[in-house]
Amino acid sequence: MRRKLWLFFVFIFGTVLATSAPAQAATRFSDVNSAEYGWAEDAISFMVGKGVISGYPDGTFQPGRFVDKAEMTVMIYRLFDRYRPNSSGQGSNDNSYSIKQFADVPSNHWAYKEISSLINISWWNAVQSSPKGYLFYPDAKLNRIGAVNLLPLFMLAEEDLSNEEVYQIVSAMRDVPIVVSSYSDDELFMGHPLQEDGRYDENVGNKTNLLFPLLFAKDGNELHIPDDYSGIVASDLALLQKTGIMTAYNGEFEAQDMLTRAEAVTILHRLYLRLKQTGALAEYSSK
């Protein structure tokens, strides 16, 4: 019930028009009913209507089934069909960012094309370097922080939050670990023991679903974010909360809760609507 309420009480995009997918499309699935999944029906209808996701031969959608990294990547690939950084040179892709082959995504993997076309080092919280080469862990089920790390939030480039605003938003999430220090940037970055917590350790394995403590440093009246991990994850969490794409419920982000199909399509649909609202959608999607 808590997860249903979290997704029901969300930021409403008042100025965004309804999608072109028929509102009744979700009801054709025997396991999607308004009483239980009313919060996800529009997203399911849109995503099914646009060919981003489909149901199962038995007439179900399986809205409560957990989503893995490959499935989420395929949905992103299909929804944002104009973004192909590894095949067209778009975005931040260059020789230093590209990954020619993931050690755990062979050419016969069902999502090889989508993963190879999208994922590069710029998805650095979802990609792991190892002695065997780069690893993606395509079959790992995602939790909510894993979804944050896989979402292409660079598409929301027009959103620019100050460090103070980022801190105010994420510090209100009681279950997000935060450390505030009076060290200078250099001292905190080089010497704080939390730098040894595994966020940059190649031996940790799949870090996509891990939420490490977020570091903030106060230098007089200035608030700094002293390491890359904290800067990216804290900014992403704040941006998602502010835009209503993914939000905390009752003061908790619930980072370790597993991601379901109904939640995944809802999150991606909200990202799509946000891009539409800000006028940035055409750069990434023809849907």
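**Helix packing, a sheet and aromatic pairs**

Biologist: Which residues in H3 meet residues in H11?

Modeller: On the H3 side they are Asp42, Ala43, Ile44, Phe46 and Met47, and they meet Val265, Thr266, Leu268, His269 and Tyr272 in H11. By class, this contact has seven nonpolar, two polar and one charged residues. Please keep in mind that this is a predicted model.

Biologist: At what angle do H3 and H11 pack?

Modeller: The angle is about 80°, and the axes are 9 Å apart. Angles of 65 to 115 degrees count as roughly perpendicular, so H3 is roughly perpendicular to H11.

Biologist: Which residues of H3 are buried?

Modeller: The buried residues are Glu41, Ala43, Ile44, Ser45, Phe46, Met47 and Val48. Helix H3 covers residues 41-49, and because seven of its nine residues are buried, the helix is largely enclosed by the rest of the structure.

Biologist: What do those buried residues pack against?

Modeller: They pack against helix H2 (34-37), helix H4 (69-79) and helix H11 (261-278). Just after H3, Gly51 takes a positive phi of about 75°.

Biologist: Turning to the sheet, what is the order of its strands?

Modeller: The order is E3-E4-E5, in an open sheet of three strands with mixed pairing. Strand E3 (178-181) and strand E5 (222-224) are the edge strands, each pairing on one side only. From one strand to the next, the twist averages 25°.

Biologist: In which sense do E3 and E4 pair?

Modeller: E3 and strand E4 (residues 214-219) pair in the parallel sense, over four bridges. Val179 stands opposite Leu215 in E4.

Biologist: Is Phe216 buried or exposed?

Modeller: Phe216, which is found in strand E4, counts as buried because its relative accessibility is 0%. Phe216 and Val179 are 37 residues apart in sequence, and their C-alpha atoms are 6.2 Å apart in space.

Biologist: How many aromatic pairs does the structure hold?

Modeller: The structure holds eleven aromatic pairs. In one of them, the rings of Tyr167 and Phe216 have their centres 5.1 Å apart and their planes at 70°, so the pair is edge-to-face. This pair links distant parts of the chain, with Tyr167 in helix H8 and Phe216 in strand E4, 49 residues apart. Tyr167 and Phe216 are buried.

Another edge-to-face pair is formed by Phe212 and Tyr229, at 5.4 Å centre to centre and with 80° between the planes. Phe212 lies in the loop between helix H9 (185-191) and E4, whereas Tyr229 lies in helix H10, 17 residues apart. Phe212 and Tyr229 are buried.

Biologist: And which residues form an aromatic cluster?

Modeller: Tyr83, Trp123, Phe154 and Tyr284 form one aromatic cluster.

Biologist: Back to helices: at what angle do H8 and H10 pack?

Modeller: Helix H8 (residues 163-170) and helix H10 (residues 228-243) pack at an angle of about 75°, with their axes 9 Å apart. That makes H8 roughly perpendicular to H10. In H8, Glu165, Val166, Ile169 and Val170 meet Ala234, Ser235, Leu237, Ala238, Gln241 and Lys242 in H10. By class, this contact has six nonpolar, two polar and two charged residues.

Biologist: One last topic: where does Lys100 lie?

Modeller: Lys100 lies in the loop between helix H5 (85-88) and helix H6 (112-118).

Biologist: Why does Lys100 count as exposed?

Modeller: The cut-off for exposed is over 50% relative accessible area, and Lys100 counts as exposed because its relative accessibility is 82%. Lys100 and Tyr134 are 34 residues apart in sequence and 9.3 Å apart in space, C-alpha to C-alpha.

Note on methods: Residues are numbered from 1 along each chain as its sequence is written. This is a predicted model: local features need pLDDT of at least 70, side-chain atom pairs count only at pLDDT 80 or more; totals for chains, interfaces and linings use all residues. Side-chain values use heavy atoms; hydrogens and water are left out. Buried means under 20% relative accessible area, exposed over 50%, partly exposed in between (1.4 Å probe, protein chains only). Helices (H or I, at least four residues) and strands (E, at least two) are DSSP runs, numbered from the N terminus. Contact means heavy atoms within 4.5 Å. Axes are lines fitted to C-alpha atoms, for helices over the stretch in contact, and angles run from 0 to 180 degrees between N-to-C directions. Angles under 35 degrees count as roughly parallel, over 145 as roughly antiparallel, 65 to 115 as roughly perpendicular and the rest as oblique. Ala, Val, Leu, Ile, Met, Phe, Trp, Tyr, Cys and Pro count as nonpolar, Asp, Glu, Lys and Arg as charged, and the others, Gly among them, as polar. Two strands pair if DSSP finds at least two bridges between them. Rings of Phe, Tyr and Trp (its six-membered ring) pair if their centres lie within 6.5 Å; planes under 30 degrees apart count as stacked, over 60 as edge-to-face and the rest as tilted.
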